[in-house]
Amino acid sequence: MSVFDAIDFDSHEKIVFCSDPSTGLRAIIAIHNTTRGPALGGCRMWPYGHEDDALKDVLRLSRGMTYKAAISGLDLGGGKSVIIGDPKRDKTATLMRSMGRAIERLAGRYIVAEDVGTTVDDMAEIGKETQHVSGLPETLGGTGDPSPATAKGVFMGMKAAADHAGWRGGLAGRTVAVQGLGSVGSHLCRLLTDAGAHLIVTDLHDKAVEDAVRQFGAMAVAPDEIYEVEADVYAPCALGGTINDATLPRLKAWIVAGSANNPLATASHGDDLRRRGILYAPDYVINAGGLITVAEASLGHAPETTARKIDGIYDVTRAILDQADKLDIATSLAADRIAEERFRHHGPALAA
Ligand code: NAD
């Protein structure tokens with residue numbers, strides 16, 4: 001694939017292809033925009049079928065991080081990295097250290113964190129080679145697993161959407177279809193259950209589904225059935241692109257709010273959701289809890305201040321949903337416009 005002509009290329013500042021035959025590392029680091037600060041974003045490890053898929057993913061994910069930092073008012077830019085490989089089979093300490101060396105060569109322009117397929121322990125390995133790492137284990141003075149904070153933000157964003165929709169009683173008594181019961185999805189299930197919501201769940205791993213059924217009294221469905229269950233909210237908490245031409249007509253939910261990055265297959269699916277009367281709480285607005293935690297910790301802010309900022313995702317979401325109504329545009333577009341205003345007019349980019 002030609003990078004500059006790739007459909008997801010968005011004038012990214014820097015794209016680095018990393019290869020280390022001695023450890024088997026094949027990775028791509030994409031820095032989308034550093035106008036607001038160094039590019040912070042997770043490292044995803046995934047068995048991409050083709051390197052074009054990895055490139056597409058990292059281009060889209062890094063762009064999303066720029067928007068996420070800007071909408072959250074953080075002095076950070078957007079970046080992301082992907083390692084091509086199966087985390088269950090191919091991940092080794094030496095591979096992660098090799099990734100750490102690749103990150104070190106970027107001299108702080110990119111700061112890594114965990115993402116799908118990587119963990120706080122992997123960050124500890126990376127941290128042996130570079131200081132440009134966040135989300136280290138708490139035992140090493142880091143902020144630990146960002147997923148509970150992310151789940152809390154998603155929950156606040158979902159609540160904001162429910163209130164915007166005028167649901168009396170918020171999420172209590174409502175049914176939420178949770179797709180993906182990993183780190184974020186499982187924490188979100190707990191928060192939703194505590195708020196009195198009913199759950200319909202799915203995952204590719206039977207064990208995760210069994211746990212949710214046992215712990216939360218959730219109803220389980222097969223992965224492909226989640227789109228058309230009778231639920232009030234669809235919460236995508238697995239991978240991106242799940243709202244597309246094939247799934248949209250099947251959706252029965254009134255609200256879409258989840259942790260997955262880039263759940264809209266294309267930007268036009270934001271308009272499609274709006275036309276169908278489905279309220280979309282934009283992904284990067286509501287899944288910023290983990291990023292906020294890392295950014296606040298780096299500023300030395302107290303945990304209470306961080307918690308308040310994550311709770312503030314409620315207000316940020318409401319303001320965006322109101323703005324979309326006012327301008328009669330898709331909520332995803334309303335969020336994009338606010339974010340773009342913030343990172344395009346923030347000041348000069350960091351020196352190369
Ligand atoms: P995870 O890897 O812990 O969990 C993902 C889960 O989704 C896994 O259990 C997997 O089996 C399941 N899954 C994958 N494809 C599926 C499918 N087609 N149907 C059903 N289940 C499927 O990842 P996570 O950390 O929980 O992150 C979930 C999503 O949220 C990702 O898109 C991630 O980028 C995004 N996100 C996570 C964080 C965070 O703090 N972890 C922050 C922001 C955004």
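**Note on the salt bridges**

1. Arg-250 is partly exposed, at 24% relative accessibility. The model is a predicted one. Glu-228 is partly exposed too, at 35%. The side chains of Arg-250 and Glu-228 form a salt bridge, with N and O 2.8 Å apart. This pair ties together distant parts of the chain, 22 residues apart. Arg-250 lies in the loop between strand S9 (233-236) and strand S10 (255-256). Glu-228 lies in the loop between strand S8 (219-220) and S9.

2. Side chains of opposite charge can pair when their charged atoms come close. In this model, the count comes to 25 salt bridges.

3. Take Lys-56 and Asp-8. Their closest N and O atoms are 3.2 Å apart, and the two form a salt bridge. Lys-56 sits in helix H1 (residues 51-71), while Asp-8 sits in the segment before strand S1 (14-20). They are 48 residues apart. Is Asp-8 buried or exposed? Asp-8 is buried, because its relative accessible area of 17% is under the 20% cut-off. Lys-56 is partly exposed, at 38%.

4. Now look inside helix H6 (residues 183-194). Asp-194 and Arg-190 are 4 residues apart there, so about one helical turn separates them. Their side chains meet in a salt bridge, at 3.8 Å from N to O. Asp-194 is exposed, with 56% relative accessibility. Arg-190 is partly exposed, with 37%.

Technical notes
Residues are numbered from 1 along each chain as its sequence is written. This is a predicted model: local features need pLDDT of at least 70, side-chain atom pairs count only at pLDDT 80 or more; totals for chains, interfaces and linings use all residues. Side-chain values use heavy atoms; hydrogens and water are left out. A salt bridge is a side-chain nitrogen of Lys or Arg within 4 Å of a carboxyl oxygen of Asp or Glu. Helices (H or I, at least four residues) and strands (E, at least two) are DSSP runs, numbered from the N terminus. Buried means under 20% relative accessible area, exposed over 50%, partly exposed in between (1.4 Å probe, protein chains only).
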